[in-house]
Amino acid sequence: MMKSSFFASASALCLGLLLAIGAGSQANAAAKCIKGDRKAPYTIGWANIYSVPTWMKQTQGTIEAEVETLKKQGLVDKLVVTDAQGDANVQIQQIQSMIDSDVDAIILIAGSSTAPARVLADACAKGIAIINFDSLVDTDDVTAKVNTDSAQWGDQAAKFLIDAIGGKGKILILNGPAGVSVSDDRRKGADAALKAHPDVTVLAETNTPYNVAPAQEAVTSLLFANPEIDGILSLGGALSAGAVLALDKQGREQVPITGENARQFLELWKEKGLKSWATMQPNWLGAFATYTAVQALEGKDVPAFVKIPLPVIDNSNMDQYLARAADFPADGYIYSPYDEDLFKKLLAGK
Amino acid sequence: MSTVPSAGQAGALYWPVQARRNVGVRGLFAVVLAFLFAYGFLFPGLLTASGFAKFTQSWFPLALVAMAQAILMLTGGISLAIGAMVSLGAVIAATTMTGPLGVAGGAAAVALTGLGIGAATGFIVVRLRLPAIVVTLAGSFIIGGAALLILPRPGGAIPEWLSDLLAGNTPAAFVVLVLIVLLWKLYLATPLGLSLYAAGENPVGAYRSGVPVDGARIAAYAISGLLSTGAGLFVAAQTGSGDPVIGAAFTLNSIAAAVLGGIGFLGGQGTMRGALAGSLLLSLMISVMFFLGFTPVAQYVAQGLIIIGAVAIPQFRKVQQ
């Protein structure tokens with residue numbers, strides 16, 4: 001009797017140890033920051049840096065749609081949204097509040113690539129899944145980062161434009177705001193192609209917010225100063241729309257220009273019969289980040305960095321994009337279609 | 001309202017005078033207290049050492065810039081360069097402290113830059129008689145540009161131990177803030193400090209009475225600069241790095257906090273405790289509204305209503321009296 005109970009407890013102990021080892025190795029396979037102690041349905045915190053721009057509203061739309069889908073599957077029960085109104089310090093405070101209220105996942109567009117590092121380390125230590133997309137942080141204390149490649153964006157745009165103007169000519173370069181990583185990275189990406197073509201002269205560069213009006217103003221004053229312009233390397237969709245409008249208002253001939261999937265720009269592209277090329281920062285990055293957070297919480301391994309291939313719009317497929325224009329706001333972005341299969345493929349392609 | 005207790009007054013007069021200076025901001029104090037209780041109720045973790053530490057850390061830089069703005073507004077000045085100064089302080093700290101200068105050298109560089117730029121701005125405004133709003137607006141471009149030159153994109157580093165000390169799980173930031181407030185009290189007892197209110201409220205009268213008006217105002221600009229770059233140093237420590245545009249929002253927030261705290265635009269009116277309470281309210285609102293589950297749009301509206309409420313309620317009382 002004694003012996004058998006001893007045997008039973010010993011084997012139970014062995015079994016327990018085995019289970020523990022099994023669980024341990026499973027924990028190793030789990031994604032970063034995940035401890036496995038959080039159970040569905042999850043609360044998702046969406047730490048937005050600035051909710052006013054249309055791109056952000058559309059992105060939030062894809063997040064809300066994804067949360068609805070996940071709610072139906074019983075995986076998510078609540079979405080908490082904060083808006084830092086552009087202030088990186090406020091965003092840190094809001095992420096701290098999310099930690100304090102014990103959300104299960106934080107999805108984040110960072111207001112500064114460095115500032116949230118310490119608060120994210122705290123969140124990661126508490127087992128909160130952190131998916132960072134669009135504007136990325138430098139720290140590795142996150143579950144996953146999701147983005148397109150800004151340098152590739154700049155490189156492809158520069159190559160298209162140089163090709164379109166026949167390898168030589170005078171161009172303008174339109175950038176986003178100075179000191180912002182996305183804008184810097186796109187510009188840097190364009191450097192190699194520009195250096196390889198010494199016959200391409202850069203007349204001037206602008207730094208404006210990603211809005212039509214300031215870009216139009218900046219290009220208008222450059223047009224007065226430069227009677228001869230062969231092409232415009234624009235590294236943002238609203239910037240391109242502003243440039244096209246500026247050329248139009250001045251009665252100047254349209255020149256080859258690069259751009260983004262801004263609806264206004266695509267419509268101008270069609271209307272003015274431009275020779276153009278555009279890519280996009282797909283708004284569904286938000287939906288994908290939400291999906292990835294839940295996958296990670298469910299114990300699936302997710303890659304530390306998911307690089308989203310840049311969808312390209314050119315004269316061959318722009319009509320397909322414009323055909324869906326009515327589904328998007330007039331000042332919004334016509335993003336490429338997405339579904340769960342695409343998300344699965346992106347997560348698997350590590 | 002703006003009576004400064006002079007050294008000669010009897011101690012018995014001190015508290016009644018201080019109480020009278022509170023009249024305009026009693027409503028604000030009540031609102032701040034209500035928010036503090038609400039926050040503690042919604043998030044009990046606030047009462048733990050680390051919860052209190054994290055909360056005071058998010059308030060601290062705003063408290064410093066509110067003081068920096070208040071001291072200028074008390075002399076009848078204003079600064080639109082506060083945000084740029086915060087950025088500059090942050091990038092100087094993040095680029096020097098892990099280099100050969102070390103933490104002490106880096107902190108000295110931050111302090112000297114703040115004092116120097118502040119004093120220079122003060123000199124231009126006071127001696128050349130140029131409008132402060134124009135000088136500091138131009139200054140904000142120069143200073144912001146300098147920050148971008150020092151650190152073109154976010155980066156740099158702050159020693160880990162300094163970050164943990166100032167922005168870890170201990171309320172060190174709160175202790176520093178208390179020390180700064182005590183220093184402010186001491187400063188008000190010095191001749192320059194005593195001149196501050198007089199120079200703001202009635203510069204001509206003060207000058208005729210032999211008050212060093214120009215000196216007091218230039219000193220205010222220098223101290224304001226020091227507080228701003230100091231806030232930048234703290235932000236760098238809090239975030240572990242430097243960001244050349246991190247301070248941008250502080251300019252407007254510092255003015256909002258000071259005005260909310262009852263500091264008048266015309267100089268000589270208001271108290272530092274009011275400005276501090278104003279900054280505390282701005283910081284509290286963000287956290288409390290999060291815990292109340294307000295959507296961002298509702299937060300915009302609520303923020304506006306609370307600010308109007310805190311400023312207007314005491315005015316209604318005054319009208320009724």
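How many Å separate the centres of domain 1 of chain A and domain 2 of chain A? Taken over C-alpha atoms, the answer is 31 Å.

Before I go on: this is a predicted model, where local features need pLDDT of at least 70, side-chain atom pairs count only at pLDDT 80 or more, and totals for chains, interfaces and linings use all residues. Residues are numbered from 1 along each chain as its sequence is written, with chains lettered from A and ligands numbered from 1 in the order in which they are written.

So, those domains. Chain A has domain 1 (42–148 + 283–310) and domain 2 (150–279), with bounds from an automatic or database domain assignment. Four residues from domain 1 of chain A meet seven from domain 2 of chain A; contact here is C-beta atoms, placed from the backbone, within 7 Å.

Now the two chains. Their contact takes 28 residues from chain B and 26 residues from chain A. On the chain B side, α13(B) gives the most, with four residues; helices are DSSP runs of H or I, at least four residues, numbered from the N terminus.

Last stop, α2 of chain B, residues 26–42. Leu28(B), Val31(B), Val32(B), Phe35(B) and Tyr39(B) are buried, meaning 20 or more other C-beta atoms within 10 Å of their own, while 12 or fewer is exposed and in between is partly exposed. On the face turned away from the buried side of α2(B) sit the exposed Leu33(B), Phe37(B) and Phe41(B).

Terms used:
Contact = placed C-beta atoms within 7 Å. Helix = DSSP H or I, 4+ residues; strand = E, 2+ residues; numbered from the N terminus.
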